[in-house]
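Hi,

Here is the structure I promised to pass on. Have a look at it first, and my notes follow below.

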Amino acid sequence: MPTYARSDLAFERGEGAYLFTMDGRRFLDFASGVAVNALGHCHPRLVKALAGQAAKVWHTSNLYRVPGQESVAAKLVGQSFADTVFFCNSGAEALECCIKMARRYHFAAGNPQRTRIICAEGAFHGRTLATVAAGGQKKHLEGFAPAVDGFDHVPFGNLNALRAAITEESAAILVEPVQGEGGIVPGDPDYLRRLRATADEFGLLLIFDEVQTGMGRTGTLFAHEQAGIAPDIMGLAKGLGGGFPVGACLATAKAASGMVPGTHGSTFGGNPLAMAVADEVMTIMAEPGFLDHVRAVAQKLRTGVEEAASRFPDVIEEVRGLGLMLGFKPRMPNTDMVARLAANGLLSVGAGDNMVRLLPPLIINDAQVDEAVGILARTFGEVK
């Protein structure tokens, strides 16, 4: 179906931070499948994990124990605020689980009227009917009426507006610590801390959508760690599988207390193939020095991008982001800039507010940062 405005590029293979087209052209991949290929392409340890599992068993369903789920869940719980994990296949499914869990928590606690979730304007939580309603963006809702009810929207970063939106029907607060599709807009750490305090004050659950920010993307395993707080529920996907489709909904035991047998499920969620890869991703990201490298190379990239942008103020308006979730705002349509960069061998991703996202694999090295910055500067200089 013609639902994608595809670039006329087809890739035959990938290696580390590079992709190669069918006709042999090489591209430095700073799109990473929209923040998915966190460990680059064909990481040998991920290839080995997937191939090894593929020779054993692919699917049994969740009618039985899945040892891989138990292993990955233990690692996620051990490295997060959570007590329990539900596995699914995508970020949208993870957020569906978050939404259902918040409503079910209050239902089980004897407050079935508490169903509404306060969300941020400019958010993106997925493409299902519920998650486009939670995102609230007109361009995603148009033509899909009636919108799923139960979501109230306030400006991102405006605590007063959020507090004013709380009613006796409010169940939870849902935000991205950094709005990704909305334009690489980091939430102020103090704002995030005040969201935690507000949720506690009014008996609400705090849900963080870390589908794009999670798994090391911002320099810590999860972005909310940098604010010194934790949510009650969190959605993950993208980098968790390093390119293999997998999502997860993490929660405290209290927040998940209503999720008893029969309340939620997934045929493919947590299948042995996905778990084998996710387990290795978790192992790699927990190794000493991994996140230190992400923070160091992210700082180098930001410095280089800001320096290149400063040389061409008539071309680039702003640079913003967190860790290796970086963006810049060109003074031309971002689609044109993305195409110009691709023509020069650098893949990037558009976002809201006319931003261009740079989402490289977390394993990039200094030389690849220099290469990317060189392409950016050359491309900026070509703009008439």
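**Strands, helices and cysteines**

Strands E16 and E17 (residues 355–358) run antiparallel and are joined by three bridges; Ala351 sits opposite Met355 in E17. A word on the source: this is a predicted model, where local features need pLDDT of at least 70, side-chain atom pairs count only at pLDDT 80 or more, and totals for chains, interfaces and linings use all residues. Residues are numbered from 1 along each chain as its sequence is written, and side-chain values use heavy atoms, leaving out hydrogens and water.

On terms, helices (H or I, at least four residues) and strands (E, at least two) are DSSP runs numbered from the N terminus, and two strands pair if DSSP finds at least two bridges between them.

E16 and E17 belong to an open sheet of four strands, ordered E13-E14-E17-E16, with antiparallel pairing. E13 (316–322) and E16 (349–351) are the edge strands with a single partner each, so one side of each has no neighbour in the sheet. On average, neighbouring strands are turned by 30° against each other, direction ignored. Helix H10 (residues 290–311) packs on this sheet and touches E13, E14 (325–330) and E17, with its direction at about 170° to that of E13. Helix H11 (residues 334–343) lies across E13, E14, E16 and E17, at about 40° to E17. Contact here is heavy atoms within 4.5 Å; axes are lines fitted to C-alpha atoms (for helices, over the stretch in contact), with angles from 0 to 180 degrees between N-to-C directions.

Elsewhere, E2 (residues 18–21) and E3 (residues 26–29) run antiparallel with three bridges, and Leu19 has Phe27 in E3 as its bridge partner. The two form a hairpin with four residues between them, and Gly24 in the turn has a positive phi of about 90°. E3 also runs parallel to E15 (residues 346–347), joined by two bridges; there, Asp29 stands opposite Leu347.

What about helix H9 (residues 272–285)? Of its 14 residues, 13 are buried (under 20% relative accessible area; exposed is over 50%, partly exposed in between, 1.4 Å probe, protein chains only), so H9 is largely enclosed by the rest of the structure.

Finally, how many disulfides (cysteine sulfur atoms within 2.5 Å) are there? The count is zero. Cys249 is in none, with the nearest cysteine sulfur, that of Cys97, 3.5 Å away. Cys249 counts as buried at 1% relative accessibility, whereas Cys42 counts as exposed at 55%.

Cheers

Note on methods: A disulfide is a pair of cysteine sulfur atoms within 2.5 Å.
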